[in-house]
Amino acid sequence: MSQLLQLLRVIYGGVRRAGRSPAHVWSFSRPHVWPFNYLEGVSVNARFGVSRGMALAVSVLAAIVTSTLSGSVSALADTNQASSEHWGVIARNTIGSPVVDLRDGPYGSYDKTGIYARPPYGQGSLGITVADNTEKAEFGNEVDFYGDPVLGLKSVGFRVFQTSENVLLGGSANLPNIRFEIDPNLTSLPATNYSSLVWVPAAFPTTYENQWSPYIDATTNGHWFLTGAAGGATGCAASCTWAQIKSALDDSGSTGRPTIHTAAVSKGRDNAWVGAIDGLRINQNIYDFEADGVRARRVN
Ligand SMILES: [Ca+2]
Ligand SMILES: [Ca+2]
């Protein structure tokens with residue numbers, strides 16, 4: 001078996017374990033570099049993309065060598081990314097019949113040119129349509145972040161395609177959210193094992209409308225809150241800064257540190273909204289939403 005592994009490394013430049021799911025988690029030491037248009041001061045590589053032929057070969061060989069590898073790796077760890085197939089609509093948190101669609105584009109709006117007139121990563125994005133204040137859409141990952149430390153979250157943010165129509169419908173802060181379902185593990189609430197940790201973006205500058213935004217850093221922009229009992233116990237039921245909410249969750253109690261259940265982007269229930277999201281950043285990975293799936297781009 002070790003000889004087979006050695007052969008595989010010679011042929012493909014090395015394979016290594018990159019996630020919790022055994023059959024879908026192979027990445028290569030020489031990652032595919034996907035074209036991108038602009039970055040938040042960093043360069044990234046996509047480590048999800050492999051050619052169909054290579055993917056087929058690896059899927060066959062992966063079954064042979066999986067048994068030689070052991071241990072699980074956090075989705076927040078340096079060497080990992082979430083698997084594309086683990087991203088999707090989170091049914092539990094979807095209300096009504098919103099549209100959540102991995103799509104090409106949007107390119108535009110019609111009179112826009114330059115880097116903000118095209119998806120920031122690849123050629124597609126996550127389109128979201130919410131009809132009114134009764135609907136809620138959520139797209140995320142219920143597998144790869146499970147059990148990861150909330151206090152280990154360092155970098156969070158995304159890019160968004162906002163329209164002036166959305167602003168007319170709900171004001172300049174009518175935007176989607178980033179949402180982590182968590183176990184707050186607060187000492188004062190030992191029976192509370194669930195809360196949503198939600199980021200609410202600040203009002204959008206008019207200059208960002210009808211095009212792609214720059215990177216919006218959720219650790220400095222807007223505000224955060226916690227739902228349920230944890231919101232009241234931390235003083236963050238309505239609005240806290242990122243620093244405040246992390247400090248409030250860091251009570252170093254006997255119940256343990258807060259852990260992540262899920263990671264997602266969401267919209268609702270507040271106003272109608274039609275737009276798109278791309279480049280969801282969670283720590284050292286930028287999740288590139290594309291029509292054919294979600295690629296993790298590693299921030300170098
Ligand atoms: Ca994209
Ligand atoms: Ca708990």
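Okay, let's start with one arginine: Arg 298 has 20 C-beta neighbours inside 10 Å, so it counts as buried. The rule here is that a residue is buried if 20 or more other C-beta atoms lie within 10 Å of its own, exposed if 12 or fewer, and partly exposed in between, with C-beta atoms placed from the backbone. Arg 298 sits in strand E17, residues 293–299. And its C-alpha is 4.7 Å from that of Asn 285, which is 13 residues away along the chain.

Before I go on, some housekeeping. This is a predicted model, where local features need pLDDT of at least 70 and side-chain atom pairs count only at pLDDT 80 or more, while totals for chains, interfaces and linings use all residues. Residues are numbered from 1 along each chain as its sequence is written, and chains are lettered from A and ligands numbered from 1 in the order in which they are written.

How far do we trust it? pLDDT is the predictor's confidence in each residue, from 0 to 100. The mean for the chain is 81, and 73% of its residues reach 70 or more. A contact, by the way, means two residues whose C-beta atoms, placed from the backbone, lie within 7 Å.

Now the overall picture. The chain has five helices and 17 strands. Those are DSSP runs, numbered from the N terminus: helices are H or I with at least four residues, strands are E with at least two. Of the 300 residues, 41% count as buried. Take the contacts between residues at least 6 apart in sequence, and 73% of them join residues at least 24 apart.

On to the sheet. Six strands form an open sheet, in the order E4-E7-E14-E9-E10-E13, with antiparallel pairing. Two strands pair if DSSP finds at least two bridges between them. At the edges are E4 (87–89) and E13 (223–226), each pairing on one side only. From one strand to the next the twist averages 25°; the axes behind such angles are lines fitted to C-alpha atoms, for helices over the stretch in contact, and angles run from 0 to 180 degrees between N-to-C directions.

Which strand is largely enclosed by the rest of the structure? That's E10, because five of its six residues are buried. E10 covers residues 195–200 and pairs with E13 in the antiparallel sense over four bridges. Leu 197 has Leu 226 in E13 as its bridge partner, and Val 198 stands opposite Phe 225, also in E13. E9 is joined to E10 by five bridges, again antiparallel, and there Ile 178 stands opposite Trp 199 in E10.

What about the core? The largest nonpolar core has 51 residues, and those with the most contacts inside it are Leu 126, Ile 128, Trp 224, Val 265 and Ile 277. Such a core is a set of buried Ala, Val, Leu, Ile, Met, Phe, Trp, Tyr and Cys residues joined through C-beta atoms within 7 Å. E15 gives the most to this core, with five residues. As for Ile 128, its contacts beyond four places in sequence include Val 100, Pro 176, Trp 273 and Ile 277.

One helix for you: H5, residues 242–249, whose buried residues are Ile 245, Ala 248 and Leu 249. Seen down the axis, they fall within an arc of 95°, so they line one face of the helix. That arc is of the directions from the helix axis to the C-beta atoms. What covers them includes E13 and helix H4 (229–234).

Gly 108 to Ser 109 is a cis peptide bond, omega near 10°, and Ser 109 is in the loop between E5 (99–104) and E6 (124–130). Gly 268 and Arg 269 are also joined by a cis bond, omega about -5°, with Arg 269 in the loop between E14 (259–267) and E15 (273–282).

Then two asparagines. Asn 185 has a positive phi of about 50° although it's not a glycine; it lies in the loop between E9 (177–183) and E10. Asn 210 has a positive phi of about 60°, and isn't a glycine either; its loop runs between E10 and E11 (211–212). Buried or exposed, this Asn 210? Buried, with 21 other C-beta atoms within 10 Å.
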